[in-house]
Amino acid sequence: MTFCSVFLLLFLILLFSSFEQSVSVSSGSQRVILRSIIKENNQDGDFAIDLNATNFDTVLKETPAPYVIVEFFAHWCPACRNYKPQYEKVARLFNGADASHPGIILMTRVDCASTINSNLCDKFSVDHYPMLFWGPPKKFVGGGWGPNQEKSEILPIENGRTADVLLGWINKQLGSSYGLDDGKYENEHLQTNTSDPGQIAKAIYDVEEATSTAFSIILDHKMIKPETRASLIKFLQLLVAHHPSRRCRKGSADVLVNFDDLCPSSTMLVNNEEAESCSKKGAIGNYQICGKEVPRGYWMYCRGSKNDTRGFSCGLWVLLHSLSVRVEDGESNMAFRSACDFIHNFFVCEECRQHFYEMCLSVSTPFKKARDFALWLWRAHNQVNKRLIKEEASLGTGDPEFPKAIWPPKQLCSSCYLSPSKTSEENNKIDWDEDEVFKFLVSYYGKELVTLYKDNEQQGGGKTEKIVAEELVASTNAVVVPVGAALAIAVASCAFGALAYIWRSRQKNRKYKYIYSLKNI
């Protein structure tokens, strides 16, 4: 029995079993999203994020920032009101779209005079106002602090009563030199040690940022056309099945489920209506492919030392690598074609797009193993780097802190390098142990990339999957399975098509059951 037959058999079993499942939806079960909270605060002119007992753990669990400062205050306290402008001067540097140093510290506050926060303030032994704490966000989740507590990673900030003093305390902790007059996005505090394997864990946020940015570019440039629809659908299927970010898998599924309604095909529309309906002006523009908290407006692992380096291109490469190590053998060639077609149709850098697609066209034999796809993408990335090393050196356009290099370096994977032969040295080539390279790729872009998500799940007490499942039910707007997209899926891919159709069918059934339950209340 072929892979496709086995998969279709499993698909039919899951499809029929899904109609026997019951769904219960609880209002108020969706988590509070950090991005929406930040937006509300910015509308009030504040940069520090107001938290309370209902969203404290969720926001701190979800933030990509490695550090957080929590100010416990009381709104009736005159000293707190006088301190707020000082605190905001520092918060401006780290919070918000125009932050000088985004993604490093999340500046927050909690009003202890609000009854809802009484227990939260008690957990941190708040005995005066304002009272400031510093530490890794995950240490605050479900935790607390006491004056006699030993070896706590949560530190009280004893003297931070002016902006200068508080920022000086921060600089001492980080070994940084931030100033209150720093302009937007000055990139002073970079994690330049890319040979540290732990750094890739931060790239999970960049993968989300790149996915959201790519989707936004597609809509901004009205790139969904009759000749590109199928390639976008195939890539969405790939994201639903294998995107390393849970929220992006969910968001991609939301778009896929409703695709024909959001972006009707040319058979349904005339003239320029299709381009308009498939742009940000249409209903599809209201969808966030990675959730409401993305885009954040900054990069973590992919942040360059200059504003015009790294960023989106880096994040997109990480996304492609992460997809390549997550597909199964039977999906490898479909994943390869989906990635190639996506870049060819939707990447707006013309020279880069053509160069990548030429490398795709050079592949004459279909991939049969996931290993083949992952190693081809790795070789392609190094081929691009070789070309850019020469171009950036001659033009001076590279990032001085992150020069292009053949990858991975020996510091990351010494076993990937064979002892160089005399011939290799003369030709300036590297002898690779591709078995070791593949092992490295699977580890680096597989389990290492999602380390922070695993930590968040542990901090969340195992509730993450339940929350996501509830959101999947609550968020879908699918009433019918879109015929056009379903047909394209069936033609495009056995594995991805079946997976996407299962998802769509389940959402349709859940929607009907939810509506039916409401009618019987």
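Of the contacts in the chain with a separation of 6 or more, 74% are between residues 24 or more positions apart. Contact here means heavy atoms within 4.5 Å. This is a predicted model, so local features need pLDDT of at least 70, side-chain atom pairs count only at pLDDT 80 or more, and totals for chains, interfaces and linings use all residues. Residues are numbered from 1 along each chain as its sequence is written, and side-chain values use heavy atoms, with hydrogens and water left out.

Now the overall make-up. The chain has 22 helices and 5 strands. Those are DSSP runs numbered from the N terminus: helices are H or I with at least four residues, strands are E with at least two. Of the 521 residues, 51% are buried. Buried means under 20% relative accessible area, exposed means over 50%, and partly exposed is in between, with a 1.4 Å probe and protein chains only.

Next, the cores. The largest nonpolar core has 84 residues. A nonpolar core is a set of buried Ala, Val, Leu, Ile, Met, Phe, Trp, Tyr and Cys residues joined through side-chain atoms within 4.5 Å. Which members touch the most other members? They are Ile224, Phe259, Ile284, Val318, Phe356, Trp376 and Leu441. Take Leu441. Leaving aside neighbours within four places in sequence, Leu441 contacts Val325, Ala374, Leu375, Trp378, Trp407 and Gly446. There is also a second, separate core of 22 residues, which includes Leu120, Phe133, Phe140 and Trp145.

On to open space. The largest pocket has a volume of about 1300 Å³. On a 1 Å grid over the protein atoms alone, a pocket is an open set of points with protein on both sides within 12 Å along at least five of seven lines; a cavity is a set where a 1.4 Å probe fits but cannot get out; lining residues have an atom within 4 Å of a point. Grid points are joined across faces, edges and corners, and a volume is the space filled by probe spheres set on the points.

Which residues sit closest to the centre of the largest pocket? Of the 50 lining residues, these are Ser313, Trp317, His381, Asn385 and Lys404. Helices α13 (312-324), α15 (350-361) and α16 (370-395) each give two or more residues to the lining. α16 gives the most, with 10 residues. By type, the lining of the largest pocket splits into 26 nonpolar, 14 polar and 10 charged. For that count, Ala, Val, Leu, Ile, Met, Phe, Trp, Tyr, Cys and Pro are nonpolar, Asp, Glu, Lys and Arg are charged, and the others, Gly among them, are polar.

The lining of the second largest cavity has 10 nonpolar residues, 1 polar and no charged.

Staying in α8, look at Glu209. Is Glu209 buried or exposed? Glu209 counts as buried, because its relative accessibility is 3%. Not counting residues up to four places away in sequence, Glu209 touches Val294, Pro295, Arg296, Gly297, Tyr298 and Trp299.

Compare another glutamate. Glu436 is in helix α18 (residues 434-447). Glu436 counts as partly exposed, because its relative accessibility is 22%. Beyond neighbours within four places in sequence, Glu436 is in contact with Cys413, Ser415 and Cys416. The side chains of Glu436 and Ser415 make a polar contact of 3.0 Å. A polar contact is a pair of N or O atoms within 3.5 Å; within protein, one must be able to donate a hydrogen and the other to accept it, and residues adjacent in sequence count only if both atoms are side-chain atoms.

Last, the backbone. Where are the cis peptide bonds to look at? One runs from Tyr129 to Pro130, with omega near -15 degrees. Pro130 lies in the loop between α5 (118-123) and β4 (131-135). Another runs from Trp407 to Pro408, with omega near 0 degrees. Pro408 lies in the loop between α16 and α17 (422-426).

Positive phi to finish. Ser125, in the loop between α5 and β4, has phi near 50 degrees. Lys222, in the loop between α8 and α9, has phi near 50 degrees. Lys222 is partly exposed, because its relative accessible area is 26%.
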